[in-house]
Amino acid sequence: MNPGTGAAGGTDTTRPPVSATPDGSPDQVPLLRPADGLPPVTETPDDLARVAAAIAGGSGPVAVDAERASGFRYSQRAYLVQLRRAGAGSALVDPIPLRGELGPLAAALDGPEWVLHAASQDLPCLAELELRPASLFDTELAGRLAGLPRVGLGPMVENLLGLGLEKGHGAADWSRRPLPEDWLVYAALDVEVLIDLRDVLTRMLDEQGKLEWARQEFEAVRTAPPPAPRAEPWRRTSGIHKVRRPRPLAAVRELWLARDALAAERDIAPGRVLPDAAIVDAAVRNPDSPQALAELPVFRGRSQRRLARYWFDALRRAAELPESELPRGAATTDGPPPVSRWADRDPDAAARLDAARAALSTVSEQHDVPVENLLQPDLLRRVCWTPPTDGDLPAALRAGGARPWQVELLTPVLEPALATRAG
């Protein structure tokens, strides 16, 4: 969409401007091919150097996207990186043949603002390639703050730019090689619209007086540390609510750990190694031999029958654990109890939470911002369960990760809510 010389060596074809407002969608113009042609996939160091030079010689922000193979691979690595910048055009970079060595590109990208959609999803896999933004604009997060009802990339492009962006390959197996041409077209088009979308959203946020809010949110996403490892990730096994006693819970844990090790070794998504439903079924039925295990659904398949001894050994480890090493019935947590128990355990805390939620709902309507973007739900629960003993709510909110705009906006409405008592 930006005129200039493409990173692939072609010349950008400027699309006709589209007049669009959030209040009424114009006639949709379908996006079927990149404006300046589909760039070749960058697979060699020499080609990477040319792409990096083109990006460095461009101007303005850089649209960035990445494709993973979630649901197919254990790792969350990037299998394709898409870029676009005014004066440089678009580029598709394959990190696999480059062995993840993207140093020249990292240097070219160190400085310009990056524009991503749902940045928190892609930043970790880009960081694995040593690609990190110095500043960030997240179009999905901007759409939420602007009060848009639908913040998927396709709906936003349609409603704000009047362009039809065909979706359909985002959940594909991007570890496949060679990548089909229609997948590459899809990947190139994703970055083709991001800069224009950023510009429209910037104007909207500025008109609404929310641009500084957005900048603070973008910086929080950019600088967020990696999430802490879950203490007991096996407890997220789908269907585990059917397992109540400690010994079967131990079986779920051992099967989950065995599956995770095998999935990591083979770089296959865990659910493709063994479905959650099969783990729960085996833990509940407790077969007494590999042969009995192989008679259960899923385990009857040829590939699972070959692993019957491996899975049964996990069950046997659970069966042999001393009582002191069996898991508790509920996960341990350092936070408040489930909200459903508040009324019985601390009626005043339940009343505080109800009042705080009502206050946030009012603020949400006044400013047209989703409640979950006003304040992290976990932080709200924590301050309602245990209000700051010194009465310094702003400090408690800041300590919990709230941004300055949130502290300023919400302190006046949350302080009265925290003074609420039951009855």
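Predicted model: local features only at pLDDT ≥ 70, side-chain atom pairs only at ≥ 80, totals over all residues.
Residues are numbered from 1 along each chain as its sequence is written, and side-chain values use heavy atoms, with hydrogens and water left out.

I begin with the whole chain. There are 20 helices and 8 strands; these are DSSP runs numbered from the N terminus, with at least four residues of H or I for a helix and at least two of E for a strand. Along the principal axes, the C-alpha atoms fill a box of roughly 70 × 60 × 40 Å. The chain has 423 residues, and 48% of them count as buried, that is, under 20% relative accessible area with a 1.4 Å probe and protein chains only. A contact means heavy atoms within 4.5 Å. Among the contacts with a separation of 6 or more, 67% join residues 24 or more positions apart.

Let me turn to the aromatic rings. Rings of Phe, Tyr and Trp (its six-membered ring) pair if their centres lie within 6.5 Å; planes under 30 degrees apart count as stacked, over 60 as edge-to-face and the rest as tilted. By this rule the chain has 6 aromatic pairs. Why is the pair of F137 and F218 called tilted? The ring centres of F137 and F218 are 4.7 Å apart and the planes stand at 50°, so the pair is tilted. Because F137 belongs to strand β7 (residues 135-138) and F218 to helix α8 (residues 211-223), this pair ties together parts that are 81 residues apart in sequence. F137 is buried, at 4% relative accessible area, and F218 is buried with a value of 4%. Elsewhere, ring pairs link W174, W183 and Y186 into a cluster.

Two of these rings also meet a charge. A charge sits over a ring if NZ of Lys or CZ of Arg is within 6 Å of the ring centre and within 35 degrees of the ring normal. R198 lies over the face of F137, 5.6 Å from the ring centre, and the charged end of R176 sits over the ring of W183, 5.2 Å from its centre.

Finally, consider D122, in helix α3 (residues 119-128). Is D122 buried or exposed? D122 counts as buried, at 5% relative accessibility. Which residues does D122 contact, leaving aside neighbours within four places in sequence? They are D65, A66, R68 and L116.

How values were computed. Buried < 20%, exposed > 50% of the residue type's maximum accessible area, 1.4 Å probe, protein only.
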